[in-house]
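Work through the exercises below with the sequence and the 3D structure in view. Each task is followed by a solution in steps.

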Amino acid sequence: MKRLINTTKYIAVSLALLSATGCTKDFIADNNDVNAITSISSAEYPYLFNKALSSAFVNGSYYETTQNYFADIYAQYYAKSVSTERYTLNSEYARRMYLVAYVHVGAQLKTILDGADPASGEHALANIMWVYSFGRLTDVMGPIPYAEALMVDGSQGVKYSDMPEIYADFFARITKSVETLKKLNASTSLFAGQENLYSGNVGKWIKFANTLKLRLAMRISKKDATTAKKMAEEAYAAGLLEANADNASVLRSLVGNDFNGLANIAGWYAGSMSATMKSYLSGYQDPRLAIFFQKNVTTKEFSSRRNGMPATDINVMVNNVSVNSNALQSNVGPYWINYNANGTYTQNLTNRQHVLCAAEAYFLRAEAALNGWNVGGTAKALYEEGIKQSLSQWGVTDAAAIQAYVNSANLPAAPADYYKSPAVSNTPIQWAGAEAMQRKQIGTQKWLAIFPDGWEAWAEFRRTGYPDMYNLITSENADLPVGTFIKRLTYPEAEYNSNAEGVKTGVALLGGQDKASVRLWWDVD
């Protein structure tokens with residue numbers, strides 16, 4: 001049963017909490033509500049937690065401006081006629097990422113962490129989601145307000161924490177949370193079953209937490225291999241997502257703005273399949289092509305666009321139709337939006353939103369196995385199982401067809417885009433003999449498997465360099481000339497205005513430059 005979120009009430013709670021224990025001053029000044037509720041009971045924890053879940057996984061309120069305009073197109077899942085695609089930065093959108101992390105997620109979770117029994121499953125789940133949410137923010141920005149966030153009076157500014165410190169806290173929180181959950185009776189119903197990810201199932205939350213731990217371990221594997229190996233092996237030993245029945249997906253509803261964000265923007269024709277995506281899916285003859293995307297409504301073909309098209313090209317007319325015409329774009333697939341025979345469409349706003357899948361766990365283990373770590377199985381077997389899990393997740397159930405894909409000699413193909421681009425890569429599906437290609441294969445198939453999670457896809461592209469992607473056609477950022485890829489988002493202007501001393505510490509930790517070309521701590525290649 002859907003546990004409804006009284007959005008107005010619980011956002012008011014979070015803002016009141018932030019004004020008392022704030023992160024940065026602009027949130028206090030802009031958002032303090034004198035009528036907000038200032039005290040709550042444990043009976044309201046499920047509602048606070050569900051508000052945090054809804055926001056951490058990016059609900060309809062913020063999906064476009066805090067995910068789709070940035071991570072989704074930087075991961076080259078889509079192409080869009082927006083300036084952020086050409087690396088023009090938007091400080092207001094970056095500020096919204098802070099707002100989501102600190103107000104809509106962090107403040108709710110801190111209330112639970114402050115009030116719940118530290119030995120309880122509810123305390124453990126709040127810590128797990130704390131790591132998930134702030135992990136997203138630090139992996140976009142770099143150093144962020146963390147150690148002091150939501151704990152000190154923001155009137156004097158809030159210092160930024162360095163990423164090694166933040167990641168150390170992440171691992172400590174997850175490890176402790178898993179230990180707590182494993183001490184509970186397996187029949188325990190967390191939040192009385194009233195949480196919208198796993199309905200309070202202890203065993204599934206343990207697998208989710210360990211898979212998140214493995215993801216973070218691999219993120220730092222090139223920077224701190226010793227810690228990464230230890231964390232990865234611990235995560236495997238404690239139990240990971242292993243089957244699609246374990247997959248994490250959050251319930252969505254029409255209450256407030258809790259709806260599925262991708263389904264929502266699909267109704268605006270908010271983007272097209274990227275040429276990178278089409279090159280892989282069409283060349284591989286991948287059955288997920290018609291699941292992830294739909295044929296355009298004009299030519300009835302799968303169409304794509306290169307990322308970074310300049311306005312002069314976007315506005316070109318071909319046969320009296322704009323190259324950027326909505327009717328010529330391949331929108332996302334029928335899971336998110338259905339086209340009707342009469343030319344209308346139905347947005348599937350209440351479909352569950354994908355969060356974390358077993359396929360990703362297998363690809364992470366495959367990479368770890370290539371590193372020589374003890375995560376069970378060979379790299380080849382884990383890679384192939386990741387493919388099988390992903391195809392099955394999306395409804396491909398014919399065993400012979402799945403095995404044929406695993407053994408396929410197909411390669412990426414030319415996407416037939418406006419620029420007549422060649423194939424984006426020569427990465428095969430069938431397991432290769434050379435380790436360098438094997439790593440590329442793992443990265444490529446993981447990128448496909450975690451669609452539409454642009455946050456994670458962009459982070460892993462920066463870390464590994466995989467999959468191969470097309471260069472932008474044009475860049476509007478002098479720090480990121482064509483042939484380079486964006487590394488991070490710069491800090492919001494609001495931080496410079498209201499937390500000047502704090503953000504100065506963040507810039508210093510970055511090496512003195514707040515630029516989109518600056519690599520994050522774990523991004524070493």
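**Exercise 1: a covered helix**

In helix α3, the residues Y45, P46, L48, F49, N50, K51, A52, L53, S54, S55 and A56 are buried, where buried means under 20% relative accessible area, exposed over 50% and partly exposed in between (1.4 Å probe, protein chains only). This is a predicted model, in which local features need pLDDT of at least 70 and side-chain atom pairs count only at pLDDT 80 or more, while totals for chains, interfaces and linings use all residues. Residues are numbered from 1 along each chain as its sequence is written, and side-chain values use heavy atoms, with hydrogens and water left out.

Solution. 
1. Helices are DSSP runs of H or I with at least four residues, strands are runs of E with at least two, and both are numbered from the N terminus.
2. Just after α3, V58 has a positive phi of about 60°.

**Exercise 2: helices α14 and α15**

Task: Find how α14 and α15 are oriented to each other, and which residues make their contact.

Solution. 
1. Two packed helices are described by the angle between their axes and the distance between the axes.
2. Axes are lines fitted to C-alpha atoms, for helices over the stretch in contact, and angles run from 0 to 180 degrees between N-to-C directions.
3. For α14 (residues 358-370) and α15 (residues 379-393) the angle is about 165°, and the axes are 8 Å apart.
4. Angles under 35 degrees count as roughly parallel, over 145 as roughly antiparallel, 65 to 115 as roughly perpendicular and the rest as oblique.
5. Therefore α14 and α15 are roughly antiparallel to each other.
6. Their crossing is left-handed, a term used if the near helix is turned anticlockwise from the far one by less than a right angle (right-handed if clockwise).
7. On the α14 side the contact is made by A358, A359, Y362, F363, R365, A366, A369 and L370, and on the α15 side by A379, L382, Y383, E385, G386, I387, Q389 and S390; contact means heavy atoms within 4.5 Å.
8. Sorted by class, this contact of α14 with α15 has eleven nonpolar, three polar and two charged residues. Ala, Val, Leu, Ile, Met, Phe, Trp, Tyr, Cys and Pro count as nonpolar, Asp, Glu, Lys and Arg as charged, and the others, Gly among them, as polar.

**Exercise 3: helices α6 and α18**

Solution. 
1. The crossing of α6 and α18 is left-handed.
2. R136, D139 and V140 of α6 meet W455, E456, W458 and R462 of α18.
3. By class, the contact of α6 with α18 has three nonpolar, no polar and four charged residues.
4. Just after α6, G142 takes a positive phi of about 105°.

**Exercise 4: backbone angles in loops**

Solution. 
1. Most residues other than glycine have a negative phi, and most peptide bonds are trans.
2. F451 and P452 are joined by a cis peptide bond with omega about 10°, and P452 is in the loop between α17 (435-449) and α18.
3. Y466 and P467 are also joined by a cis peptide bond, with omega about 0°; P467 is in the loop between α18 and α19 (493-498).
4. Q76 has a positive phi near 55° and is in the loop between α4 (63-74) and β1 (78-79).
5. With a relative accessible area of 1%, Q76 is buried.
6. L150 has a positive phi of about 60° and lies in the loop between β2 (144-145) and β3 (160-161).
7. L150 is buried, with a relative accessible area of 1%.
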